[in-house]
Amino acid sequence: MTSNMMLTRETKRIQQEVALSTAISHQALLVEQMARQAWHLSAADAPDVQRAARAALQRSVTDLSGSRQSAAGLLARLARSGNAADINSNLSAQLHTYQTVASQLTRTADGPAAERAASARWMDQQASGGLAAALQETQRAVERSSASRSRRLATFTWYRPVIVLSLLVFLTLLVFRPLEKRIQRVQDELVQERDFALQVMTTVGQGLSVTDTQGRFEYVNPAYARLLNDTPDNLLGRTPFDVTFEGDHDRLRSVRAQRQEGETSTYETRLKRADGRAVPVLITGSPRLSGTQWAGTIAAITDLSAHKETEQAIRILAALSHSLELERTPDGVTERALQVLSEAIDLAWLVLYVRDGSTFRPTLTSGAVPPEIWAQLSRGVPQGEGRIWDTLNGQAVYMDESARPDYAALGVGSVALIPLLRSTGDVTQVLCAFHGSRAQGWTEREQVLLDTAARSISAALERAELHQEAQNNAAYAETLLAVSPWPRVPSVPSTSRCRPYSSWPRPWN
C-alpha cells in the first residue's frame, strides 16, 4: 500500500514537471514566434498587411499570457509538495516585460516606423538573448528534477516490476503521446507562420529585399523585381550597388555602415532598371540579426514614381499659372498655354477649337501637324460628327483611339478633348490633345494636368477678355472726348491735387 501511494504521488509529480516542461517549451516557441511577428508588423506599410500582422501578434500575446498562468499554477502545486524546481526567479518578470512590449507594439502599430522598429529589435534581442537563456535554464532545471525523480522511481523496479511496467505504459499513453501531439501541433503552427510570412512577402505591393553580410541579395520579392524590370531569380547573388546608379553609391556605403552598427534609416535613391531607366524609391533598411550578430540587411522599398510625377505636375501647373498671369490678351493666353503644355507633356500636337455656330473649327496649334492631317482638321467638326460635341456638358472626353475613321486612317492615335468651361457654363472653345500614332490610354497624371490646365486657361481667358474690353472702353471714351464739340476743360496746373482722367493709373497695366 505504501509503495502504491508513493508511486502514485511520484507519478503525479512527474506529470506536473512534464507539463511544466511542456509549458516552458511552448513559451520559448512563442517568444521566438512573437519576435518574428514583431518584425513583420514593424515592416508592414499596407493597411491590410498591418492588420493581419497585428492580429497574429495579439494572438501570440494571448497564448503567452495563458501559458504563463498555466506554468504559474504548476509551480505553485510543486511548491506545496516541497519539490518546486529551482528556476530562475526573474523568468516571470522577464516574460511579463516581453509580453507588455508586444502588447504596446500592437496598440501603436500605426505609430512612427522608428519606434516600431526599436520595439521589434528589442524583442528579437530578448528572443535570442537573455530571455531565451532564462527559458533554457528553467527547462534544464525542470529536466534535472524530473530525471532525479525518475531515478528514485527506478529503485522500485527490483521488487515492483509490474508497477514499473504499468507506470511506463501510463507515461507512454497519458504523457508522452499527448506531449508528442502537442509538439507536432506547435510545429504545424510554426510552418503556418512561415507560410504566412512567405505569402505576405510575395504578394505585398511594396518591394522587399534581404541581403547577407557581403551585401548580396538572398531574397527579393516579386514587387522589387518588377521595379527593376527583372526576375527575382536573376537578382539573387547581386548587390544593391549593381541596381543603383553610380552617383548614389556613396549614400549606399554610408547606410551600410549604419546597418553594421545596428541602426535603421530611411533614404531616397534611384534604382537602375534593366532597360536603363531610373526609378526613384524610398528605402527603409533595418539590420538583420543572427542572435546578437549583424547578418545583413532587411530593406523595404517604396516606389516614388507617382509621387515625383505629382510634384512635377504641380510645378508645371504653377509655371502655367504664372505665365498666363503675364498675358493681357486672349490670343496671348492661348498661345502661351499651348506652348507650356506642349513642353510639359509628351504629346504629338495640341489644337484649340473654337465653336462657330454648328461647327468647331481649329484656330491655334502647337506641334508640327502633318499636312495631310491638318487638311482633315482644318475642315472642322460639324455638329453630330465627332465626340467634341460631347464636351458641351463641361466634361472632358479621353479616347484611347480616334472616334473618327478619317482621322484614324491618317494615323491619329489617342485623342483628348478638354472643354474650356466659361464661368457662365458655356463651352465655346475645346482643347484637343493628340498622341499621334500611339494608340494608348491617357494616364491619370496626363488627365489631371490637362483638366487643371483647362480651368487655368479658362480663367485667364476671361481675365484677358475683361482687360481687353476695359482697354477698348477706355480708348472709346478718349475718342469721344477728342471729337466732342463741347469746349475742353482748362488744364489743371501740375501743382494741383487733381489729375486728368487720361493720366490715372490703370489697374490692368
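Me: What is the mean pLDDT of the chain?
Reply: pLDDT is the predictor's confidence in each residue, from 0 to 100. The chain mean is 77, and 81% of the residues reach 70 or more. Over residues 494–509 the pLDDT is below 50. That stretch has 12 contacts (heavy atoms within 4.5 Å) in the model beyond near neighbours in sequence. Where pLDDT is low, the predicted coordinates should not be read in detail.

Me: What is the strand order in the sheet of five strands?
Reply: Strands of a sheet pair through backbone hydrogen bonds, either parallel or antiparallel. Here, two strands pair if DSSP finds at least two bridges between them. Helices (H or I, at least four residues) and strands (E, at least two) are DSSP runs, numbered from the N terminus. The five-strand sheet is open and antiparallel, in the order β2-β1-β5-β4-β3. Its edge strands are β2 (217–220) and β3, each pairing on one side only. Ignoring direction, neighbouring strands are turned by 30° against each other on average.

Me: Which helix packs on that sheet?
Reply: Helix α9 (residues 249–260) does, touching β3, β4 and β5. Its direction makes about 140° with that of β3. For such angles, axes are lines fitted to C-alpha atoms, for helices over the stretch in contact, and values run from 0 to 180 degrees between N-to-C directions.

Me: How many bridges join β1 to β2?
Reply: Three, and the two strands run antiparallel. T211 stands opposite F217 in β2, and S209 faces V220 there. The hairpin has five residues between its strands, and G215 in the turn has a positive phi of about 80°.

Me: What is the order in the sheet of six strands?
Reply: It reads β8-β7-β6-β11-β10-β9, open and with antiparallel pairing. β8 (381–382) and β9 (397–399) are the edge strands. Six bridges join β6 to β11, with V351 opposite C432 in β11. Seven bridges link β6 and β7, where D356 has T359 of β7 as its bridge partner. Two residues lie between the strands of that hairpin, and G357 takes a positive phi near 70°.

Me: Where does helix α11 lie?
Reply: Helix α11 (residues 330–344) lies across β6 (349–356), β7 (359–366) and β11 (427–434), at about 65° to β7. Helix α14 (residues 444–483) also packs on the sheet, touching β9, β10 and β11. Its direction makes about 30° with that of β10.

Me: What volume does the largest pocket have?
Reply: Rolling a probe the size of a water molecule over the atoms shows where empty space is left. On a 1 Å grid over the protein atoms alone, a pocket is an open set of points where a 1.4 Å probe fits, with protein on both sides within 12 Å along at least five of seven lines. Grid points are joined across faces, edges and corners, and a volume is the space filled by probe spheres set on the points. The largest pocket has about 1200 Å³.

Me: Which residues lie nearest its centre?
Reply: R36, W39, H40, A43 and I298, out of 50 lining residues. Lining residues have an atom within 4 Å of a point.

Definitions and conventions. Residues numbered from 1 in each chain as written. Predicted model: local features only at pLDDT ≥ 70, side-chain atom pairs only at ≥ 80, totals over all residues. Heavy atoms only, no water.
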